[in-house]
Amino acid sequence: MSFPSIVTLDIGGTKINAGRYVNGVIEQSHAYEFYATSSSDDIERFIIHCIDAFLLPSTVGIAIGVPCIVDTQLGVVYNAVNIPSWQEFALKDRLEAHFKLKVYVNNDVNCFTVGEHIFGAGKGYDAIVGLCLGTGVGAGFVIQNQLYQGRNCSAGEVGEVQYLNSSIDDYCSGRFFDIEYGVNGATLAKQARSGNKEAIDAFEQFGLHLAQAISYLLLIIDPQVIVIGGSVAHSFDLFIEGVRQGLSTFPYQKVVDNLVIVQSTQSNSALLGAAQLHLESVR
């Protein structure tokens with residue numbers, strides 16, 4: 001028996017992860033290096049190239065997570081910080097005209113959060129926050145088992161919150177290590193695991209700053225679980241103690257006591273979530 005398939009993409013600031021969703025699983029995927037500062041025409045051609053690699057006669061749609069706010073009805077993307085040519089771009093219309101398939105577009109962290117809720121560490125909870133730590137910081141919310149994205153799909157853009165002398169983005173994403181220590185987080189993680197004290201301290205400081213971002217989320221959403229994903233999540237073991245230390249001063253300790261914070265262990269959550277949202281949009 002052949003099941004219908006969906007081509008699904010997770011577009012980030014430096015790579016595009018693409019794959020094929022069939023009957024609840026990503027049966028094949030590939031990460032492409034992505035030049036986000038290219039023109040909108042070049043980016044469109046590259047996205048078409050990525051989609052072409054996963055099309056089958058059984059493909060019934062295309063689902064895409066993007067790193068910006070979205071009009072999810074029209075599929076228009078706005079104000080992409082890491083993709084300068086996407087200040088207003090009709091992604092859905094352009095791709096539907098090319099492929100003659102239904103295209104669904106939502107924020108990448110919203111897709112991640114739905115993927116974790118349905119298939120990953122958030123399964124079984126009805127109030128979760130997906131928190132992605134990569135080139136920036138973003139959160140997604142599932143409340144009473146439904147994605148909450150706000151009127152303009154900007155709910156959870158916590159990285160833009162002003163914090164100390166800049167923003168949450170600069171203290172709770174990979175930027176923190178580049179700005180404060182002049183080295184990327186992956187290199188610093190290797191040093192920390194080799195016993196380098198400065199590197200260990202760096203991740204403790206990162207955890208303390210992340211605790212502040214999490215405190216804001218607890219005061220607004222009060223979820224059962226926070227699932228942490230993104231490239232920085234690979235260093236979860238190095239910064240979680242700093243997070244716990246930072247949350248020790250949260251004003252409502254019962255909230256902290258009842259909170260679960262876990263690392264995502266699912267590699268394609270955003271692809272799964274995008275496909276799931278596509279399916280919900282056509283029901």
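Rings of Phe, Tyr and Trp (its six-membered ring) are taken as paired if their centres lie within 6.5 Å, with planes under 30 degrees apart counted as stacked, over 60 as edge-to-face and the rest as tilted. The model is predicted, so that local features need pLDDT of at least 70 and side-chain atom pairs count only at pLDDT 80 or more, whereas totals for chains, interfaces and linings use all residues. Residues are numbered from 1 along each chain as its sequence is written, and side-chain values use heavy atoms, with hydrogens and water left out.

Across the whole structure, the search finds 13 aromatic pairs. F34 and F46 form a stacked pair, with 6.3 Å from centre to centre and 5° between the planes. Because F34 lies in the loop between β3 (25–33) and α1 (40–52) while F46 belongs to helix α1, this pair ties together parts that are twelve residues apart in sequence; helices (H or I, at least four residues) and strands (E, at least two) are DSSP runs, numbered from the N terminus. In terms of relative accessible area (buried under 20%, exposed over 50%, partly exposed in between; 1.4 Å probe, protein chains only), F34 counts as buried at 5%, whereas F46 is partly exposed at 23%. The rings of F250 and Y252 have their centres 6.1 Å apart and their planes at 75°, and the pair is therefore edge-to-face. Of these two residues, F250 is buried, with a relative accessible area of 6%, while Y252 is exposed, with a value of 52%. Ring pairs also link Y163, Y171, F176, F177, Y181, F203, F206, F236 and F239 into a cluster.

With a disulfide defined as a pair of cysteine sulfur atoms within 2.5 Å, the structure holds zero disulfides. For C50, which is in no disulfide, the nearest cysteine sulfur is that of C111, 16 Å away, and C50 is itself buried, with a relative accessible area of 0%. C172 is likewise in no disulfide, the nearest cysteine sulfur being that of C132 at 14 Å, and C172 is buried with a relative accessible area of 0%.

L91 lies in helix α2 (residues 91–99) and counts as buried at 1% relative accessibility. When residues up to four places away in sequence are not counted, L91 touches I47, I64, V66, G75, V77, W86 and V105, contact meaning heavy atoms within 4.5 Å. L91 and V158, which are 67 residues apart in sequence, are separated by 24 Å in space, C-alpha to C-alpha.

The axes of helix α3 (residues 108–119) and helix α10 (residues 269–281) come within 6 Å and cross at roughly 90°, where axes are lines fitted to C-alpha atoms, for helices over the stretch in contact, and angles run from 0 to 180 degrees between N-to-C directions. The contact is made by D108, C111, F112, V114, G115, E116, I118 and F119 of α3, together with S269, A270, L272, G273, A274, Q276 and L277 of α10. T113, which is also found in helix α3, is buried, with a relative accessible area of 0%. Leaving aside neighbours within four places in sequence, T113 is in contact with I128, G130, G140, F141 and V142.
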